[in-house]
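Have the model open while reading.

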Amino acid sequence: TRCERRMNITILNTQPTVGTKATVLGLARALAEIGKRILVVDLNPNAGATTTLGLPSSSALHDFVFGNVDLKKCLTSVRQNLHILCSGPTTLVIEERLQREPSAHLVFEHAFSGTISDDYDFILFDGGAGLTLLQVAALCYSRRILIPVTTNVLGVLGALSAYMSAQAITSIYGIEVDVVGYVPVMVNGDKDERYVPMKTISSIARDCSLGVLPAIEFDESVPLASRNHKLVADFFPGSRAAESYNALARKLMGSVAVPN
């Protein structure tokens, strides 16, 4: 494990609607609750994490990356220990500009150099779906990927694609991207059929020499929290989903060294 003061993770599945945004926000909330200082970076031009929290779409990410605006001025406080670098339509401008940049994959290395990012224990990139140059840059900077996977065909295919993308970055740029593991999401604990696809995911993970992290249970608190622009654990403490994120945070803290 690389020695560093902070852990950076890109959370990514190349398919849409597989719980990436919910995983980022749920994990961020759980880590903040145990005293870790968290920065969420929303890479989605549709401002997925931003709008879920009831925040207006913003040029904050663009201003930080290419506008030479100090990071501190670009951040929005969500709760104690948790800030977000919001996104919006101008994120597409970043993508367009990166297509003309010879070192596009290093854009976050340059942007975060010498900033207050050292004030954070975790930087979590909401990678969303697909694989853009901005997501590649996030993977090159974070050097870790956490892959949510739903128990359906598209979710599994997107998870495998994300894993292969991490391998490709290592081959192309010589930057090793560690795969933290697969996180089964949107799991319904009340249905016995849960265990068949979970076994399938475990088998795929073994084939890729990966671990399977604690599953995120789905219950009514998830869509209700989103509609009310709340984090699940704030809207419905003690729900299955909230406890799942807490278990994921504990597992993450125990499995990957984070120097003090």
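## Positive phi in loops

T17 is exposed, with a relative accessible area of 73%. The model is a predicted one. T17 belongs to the loop that runs between β1 (7-12) and α1. Its phi is near 50°, a positive value in a residue other than glycine.

H229 also has a positive phi, near 55°, and is not a glycine. H229 sits in the loop between α10 and α11.

## The largest pocket

Rolling a probe the size of a water molecule over the atoms shows where empty space is left. The largest pocket here has a volume of about 800 Å³. Its lining counts 46 residues. Nearest the centre lie G19, T20, K21, A22 and D126.

Which element gives the most to this lining? It is α1, with 8 residues. Several elements each supply at least two lining residues, among them α1 (20-33), α2 (48-52), α5 (91-98) and β5 (122-128). By class, the lining of the largest pocket holds 23 nonpolar, 17 polar and 6 charged residues.

## Nonpolar cores

The largest nonpolar core has 62 residues. Within it, L85, F108 and F112 touch the most other members. The element that gives the most to this core is α1, with 7 residues.

A second core is separate and has 22 residues. Its members include L12, I145, A162 and C208.

## Aromatic contacts

A pair of aromatic rings is described by the distance of the centres and the angle of the planes. The count of aromatic pairs comes to 6. One of them joins F125 and Y141, with 6.0 Å centre to centre and 80° between the planes. That geometry is edge-to-face. The pair links distant parts of the chain, 16 residues apart: F125 is in strand β5, Y141 in helix α7.

Are F125 and Y141 buried or exposed? F125 has 0% relative accessibility and therefore counts as buried. Y141 has a relative accessible area of 8%, so Y141 is buried as well, the cut-off being under 20%. Ring pairs also build a cluster, which links F64, F108, F112, F125 and Y141.

A charge meets a ring elsewhere. The charged end of R97 sits over the ring of F66, 4.0 Å from the ring centre.

## Helix α7

Why is α7 described as largely enclosed by the rest of the structure? Because 9 of its 10 residues are buried. The buried residues are L134, Q135, V136, A137, A138, L139, C140, Y141 and S142. An α-helix has 3.6 residues a turn, so residues three or four places apart point the same way.

R143 follows α7. The phi of R143 is positive, near 60°.

Key
Residues are numbered from 1 along each chain as its sequence is written. This is a predicted model: local features need pLDDT of at least 70, side-chain atom pairs count only at pLDDT 80 or more; totals for chains, interfaces and linings use all residues. Side-chain values use heavy atoms; hydrogens and water are left out. On a 1 Å grid over the protein atoms alone, a cavity is a set of points where a 1.4 Å probe fits but cannot get out, and a pocket is an open set with protein on both sides within 12 Å along at least five of seven lines; lining residues have an atom within 4 Å of a point. Grid points are joined across faces, edges and corners, and a volume is the space filled by probe spheres set on the points. Helices (H or I, at least four residues) and strands (E, at least two) are DSSP runs, numbered from the N terminus. Ala, Val, Leu, Ile, Met, Phe, Trp, Tyr, Cys and Pro count as nonpolar, Asp, Glu, Lys and Arg as charged, and the others, Gly among them, as polar. A nonpolar core is a set of buried Ala, Val, Leu, Ile, Met, Phe, Trp, Tyr and Cys residues joined through side-chain atoms within 4.5 Å. Buried means under 20% relative accessible area, exposed over 50%, partly exposed in between (1.4 Å probe, protein chains only). Rings of Phe, Tyr and Trp (its six-membered ring) pair if their centres lie within 6.5 Å; planes under 30 degrees apart count as stacked, over 60 as edge-to-face and the rest as tilted. A charge sits over a ring if NZ of Lys or CZ of Arg is within 6 Å of the ring centre and within 35 degrees of the ring normal.
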